Amino acid sequence: MPSILFEIKNSIAFITLNRPEKFNAFNREMALDLQEKLVECEENISVRCVYITGAGKAFSAGQDLAEVADPEGPGMEKILSEHYNPIIKKIRKLDKPVIAVVNGVAAGAGANIALCCDIVIASQSASFIQAFSKIGLIPDSSGTYFLPRLIGFQKASAIMMLGDKISAEEAERIGMIYKYFPDERFFIEAEKIAETLADLPTKGLAFTKQALNLSLEQNLEQQLQTEDNLQQKAALTNDFSEGVSAFLEKRKADFKGD
Ligand code: LHQ
């Protein structure tokens, strides 16, 4: 069985973490496969939205701990530098919206891969666990970067140290995720959001993502300059012309993503 399932449909790339019997825990094969699929999403111009979910009951339980304990395994130093860090960088640099469709528990690196995506939604029965403290590790996979920025320093600090299980409802309430949906209509809602994203001006969304990436580090002066630069580029896209024409002609815009 492939560790990652991949399908492109209606301009959406569906990526499914596929080790359901291990709660989609990451081993080296799955981490490298995911990177390969993210590169394919970047390069394939027909892809206008990336959708990441998990097979079975879990989204992902993070690192496969059996692999960490395996003397033949990749070893601690490679796990971050060759597995998780490249995944996080690829998601943040991908010039297309990435939606994490958290169908069940997301723990450790599994939680933090979800939380670095552009939009995170969860099913009502899903949960988020910064499981690292329970095994003597620190939150990685960009957890210490995004979590305090998403929910504030104090809550992030407590959640990371205590390793609390955060329900989907709580995650939405504190701003860790965009929204949660009842389990029975979760995937319908997820596809609706993905379809909406895939129909929007893809380049405009890419420039928005670039500006948001920079806003995490820049001061106001620098950010205003970034907005100016990226807005000039957005104004040169065909989708901008189409958006303005459609508005003036009182019709629905037909964006092509260019
Ligand atoms: C697993 C795992 C798992 C293997 C469930 N591995 N099998 C970076 C740097 C370098 C090294 C270390 O890692 C990292 C990044 C990280 O991600 S560190 C954090 C690693 N993850 C964890 O510590 C979470 C461990 N898992 C759990 O705490 C629980 O399994 C959760 C809370 C996710 C789910 O609990 P339950 O719903 O009670 O399910 P379960 O525990 O029964 O798990 C289901 C199966 O999945 C079970 O297999 P089995 O054959 O016994 O039925 C688990 O062994 C397997 N599984 N997580 N990380």
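Guide: H9 and H10 are roughly antiparallel to each other, a label given to angles over 145 degrees. Their axes, lines fitted to C-alpha atoms over the stretch in contact, with angles from 0 to 180 degrees between N-to-C directions, come within 10 Å and cross at roughly 170 degrees. Helix H9 spans residues 202-215 and helix H10 residues 220-235; helices are DSSP runs of H or I with at least four residues, and strands are E runs of at least two, both numbered from the N terminus.

The model is predicted: local features need pLDDT of at least 70, side-chain atom pairs count only at pLDDT 80 or more, and totals for chains, interfaces and linings use all residues. Residues are numbered from 1 along each chain as its sequence is written, and side-chain values use heavy atoms, without hydrogens and water.

On the H9 side, Phe207, Gln210, Ala211, Leu214 and Ser215 are in contact (heavy atoms within 4.5 Å) with Gln223, Thr226, Leu230, Lys233 and Ala234 of H10. These residues divide into five nonpolar, four polar and one charged; Ala, Val, Leu, Ile, Met, Phe, Trp, Tyr, Cys and Pro count as nonpolar, Asp, Glu, Lys and Arg as charged, and the others, Gly among them, as polar.

Another helix, H1 (residues 28-43), holds Gln35. Gln35 counts as buried because its relative accessibility is 11%, where buried means under 20% relative accessible area with a 1.4 Å probe, protein chains only. Leaving aside neighbours within four places in sequence, Gln35 is in contact with Glu82, His83, Pro86, Ile87 and Lys90.

Definitions and conventions
Buried means under 20% relative accessible area, exposed over 50%, partly exposed in between (1.4 Å probe, protein chains only). Angles under 35 degrees count as roughly parallel, over 145 as roughly antiparallel, 65 to 115 as roughly perpendicular and the rest as oblique.
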